[in-house]
Amino acid sequence: MIKQPNSILTDNRGKELQEKNTRLLDMTVNGGDIHQFAAGHIPSHWHRELEIFVLLEGEVQVGAGECTYGLKAGDGCFVNTEVIHSFTADVSSPCRYRSFVFSPDLIGGTPGSIFDTAYVRPLLERGAAFLKFQGEDDQVYFEQFQRAFLACEEEEYGYEFQMRDALSRIVLFVKSKGADKTGRAIPSRQETRLKEMLTFIDCNLGRNVTVSEIAGAANVCTRECQRIFQQYLHYSPVEYLQRKRIFQGARLLAETDQPVTEIALSCGFSNPSYFSKQFRSVMDSTPREYRAAVRENADKT
């Protein structure tokens, strides 16, 4: 089953919550336009699954750790487990994509097996955090991605075997492409601190919080907190908090019938007018206009 999501659900640690489908062997297959997400942005998140991605149309900026990578139509990328990452679409054109988010166990099998110890575990522990694919040199990646996606789309008897084989070939190719990497690209200590601060923010969206409180969640000073946010997310803690609240508001507008005032208060805005002003600055529409547009698009599909 191919999903067309319009939001990313995470737990209070910023870890993405995957909807498990036993038919897809602990895998989520996504497709659509990144503009389906609020402000054309898939917010920073992480998951224990591997992710492979292909951009079919448009341009996207991918944030992975402290780096930002540009993808154009026809490019692809790999995101390793537990890497904080985000996707931001170019506003001037559609940004259609396809992605697989799948458990490493799908390829490695039983822990301790030859597939796990010789191929999957080294990739998880020492492989690149992020790899970009483009052009003829990476044709294997795109051919196997298309093979896996078609198998999922057609769902003929035994298609799960075809997907697993194609994804296994992609993992092997990814491992060979990242063979020159000596370790994960993102310092684990910094990433852990960032996750702790993101956890605190997610748990406190509905109340006033200070930068000192955010920093205290990771036992760092405010200056270090500011530096980590700028380095990895390219926002200040306050800017990130504000955007997170607005994206939460957008999700509630799309998925519930709660009044705008109630949504504003639940997202940490004491003044509904200020919520509307900030919402418009990010989403380029008022909350009511956004809700109406989402519902109109839903009626068309």
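Me: Is Tyr290 buried or exposed, and what relative accessible area does Tyr290 have?
Reply: Buried means under 20% relative accessible area, exposed means over 50%, and partly exposed lies in between, with a 1.4 Å probe and protein chains only. Tyr290 has a relative accessible area of 14%, so Tyr290 is buried. This is a predicted model, in which local features need pLDDT of at least 70 and side-chain atom pairs count only at pLDDT 80 or more, whereas totals for chains, interfaces and linings use all residues. Residues are numbered from 1 along each chain as its sequence is written, and side-chain values use heavy atoms, with hydrogens and water left out.

Me: How many aromatic pairs does the structure hold?
Reply: A pair of aromatic rings is described by the distance of the centres and the angle of the planes. Rings of Phe, Tyr and Trp (its six-membered ring) pair if their centres lie within 6.5 Å, and planes under 30 degrees apart count as stacked, over 60 as edge-to-face and the rest as tilted. The structure holds 14 aromatic pairs, among them the stacked pair of Phe133 and Tyr141, with 4.2 Å from centre to centre and 15° between the planes. Phe133 and Tyr141 are both buried.

Me: Why is the pair of Phe279 and Tyr290 edge-to-face?
Reply: The planes of Phe279 and Tyr290 stand at 70° and the ring centres are 5.5 Å apart, so this pair is edge-to-face. Because Phe279 lies in helix α10 (residues 272-283) and Tyr290 in helix α11 (residues 287-300), the pair ties together parts that are eleven residues apart in sequence. Phe279 counts as buried, at 0% relative accessibility.

Me: Which residues form one aromatic cluster?
Reply: One aromatic cluster is formed by Phe100, Phe133, Tyr141, Phe142, Phe145, Phe149 and Phe173. Of these, Phe173 is also one of the buried residues of helix α4.

Me: How far does helix α4 reach from its first C-alpha to its last?
Reply: Helices (H or I, at least four residues) and strands (E, at least two) are DSSP runs, numbered from the N terminus, and the expected span of a helix is 1.5 Å times one less than its number of residues. Helix α4 (residues 159-177), with 19 residues, reaches 27 Å from its first C-alpha to its last, which is close to the 27 Å expected at 1.5 Å a residue. Its buried residues include Tyr159, Met163, Leu167 and Ile170. Seen down the axis of α4, the buried residues fall within an arc of 165°, so they line one face of the helix; the arc is that of the directions from the helix axis to the C-beta atoms.

Me: What does Ala218 touch, not counting residues up to four places away in sequence?
Reply: Contact means heavy atoms within 4.5 Å. With those neighbours left out, Ala218 touches Arg193, Glu196 and Met197. Ala218 lies in the loop between α6 (211-217) and α7 (222-232) and counts as buried at 7% relative accessibility.
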